[in-house]
Amino acid sequence: MNQGVEWSVHVLLSLAWLDDDEPVSTASLAASYELPVAYLNKQLQALVRAGLLRSLPGARGGFVLARRPEDITLMDVVAAIEGRELAFQCTEIRQHGMGQEAPQSAFRRKCAVDSAMQHAELQWRKALAAKTIADIRAEADSHAPSAARLARKAYGRA
């Protein structure tokens, strides 16, 4: 999983802490985490395409949440940044090399490796779909009660 997922979750969390519809610029979001503006902007645009953020144009424009934090799951973020394709792709290597001499009947059942990997990925996706930005906010607030205040201050919402 690339860094864009981590960055995106942090941006969504920061915007959730603001509790308003005032946009935050890409430059401000990048500066608050010391991230490269151009690369972060690519992630933000992916979040817009996925319907997680809204982009507001103009000199005072920027990004705001498109949904309530309760309605944005970690799976939504992963899908927006990484895509919806399964992480594991079975290429049936069991039918090559030492398996090429086996009869086709040996391959009627689904590959055990593929089954195990698909099962694990399904569990991972379910876990991500069950956790929202609101859940992350609640957990972060319990560990670092001043985080929301710091975010509001960083974006001029003191």
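Reader: Where is arginine 60 placed?

Author: Helices (H or I, at least four residues) and strands (E, at least two) are DSSP runs, numbered from the N terminus. This is a predicted model in which local features need pLDDT of at least 70 and side-chain atom pairs count only at pLDDT 80 or more, while totals for chains, interfaces and linings use all residues. Residues are numbered from 1 along each chain as its sequence is written, and side-chain values use heavy atoms, with hydrogens and water left out. Arginine 60 is placed in the loop between β1 (53-56) and β2 (62-65).

Reader: Is arginine 60 buried or exposed?

Author: Buried means under 20% relative accessible area, exposed over 50%, and partly exposed in between (1.4 Å probe, protein chains only). Arginine 60 has a relative accessible area of 75%, so this residue is exposed.

Reader: What distance separates the C-alpha atoms of arginine 60 and serine 25?

Author: Along the chain, arginine 60 and serine 25 are 35 residues apart. Their C-alpha atoms are separated by 7.8 Å.

Reader: With which side chain does the side chain of threonine 26 make a polar contact?

Author: Threonine 26 is found in helix α2 (residues 26-33), and counts as buried because its relative accessibility is 13%. A polar contact is a pair of N or O atoms within 3.5 Å; within protein, one must be able to donate a hydrogen and the other to accept it, and residues adjacent in sequence count only if both atoms are side-chain atoms. Leaving aside neighbours within four places in sequence, threonine 26 is in contact (heavy atoms within 4.5 Å) with Val37, Leu40, Asn41, Leu44 and Phe63. The polar contact, at 3.3 Å, is with the side chain of asparagine 41.

Reader: Which residue caps the N-terminal end of α1?

Author: Helix α1 covers residues 3-18, and 13 of its 16 residues are buried. At its N-terminal end, a side-chain oxygen of the capping residue lies 2.5 Å from the backbone nitrogen of glycine 4. That residue is asparagine 2.

Reader: What is the phi of aspartate 19?

Author: Aspartate 19 follows α1 and is placed in the loop between α1 and α2. At 55% relative accessibility, aspartate 19 counts as exposed. Its phi is positive, in a residue other than glycine, and is near 55°.

Reader: Against which element do the buried residues of α5 pack?

Author: In α5, Asp114, Gln118, Glu121, Arg125 and Leu128 are buried. They lie on the same side of α5 because they cover an arc (taken from the directions from the helix axis to the C-beta atoms) of only 85° around the axis. The face turned away from this buried side carries the exposed residues Ala112 and Ala130. The buried residues of α5 pack against α4.

Terms used:
The expected span of a helix is 1.5 Å times one less than its number of residues.
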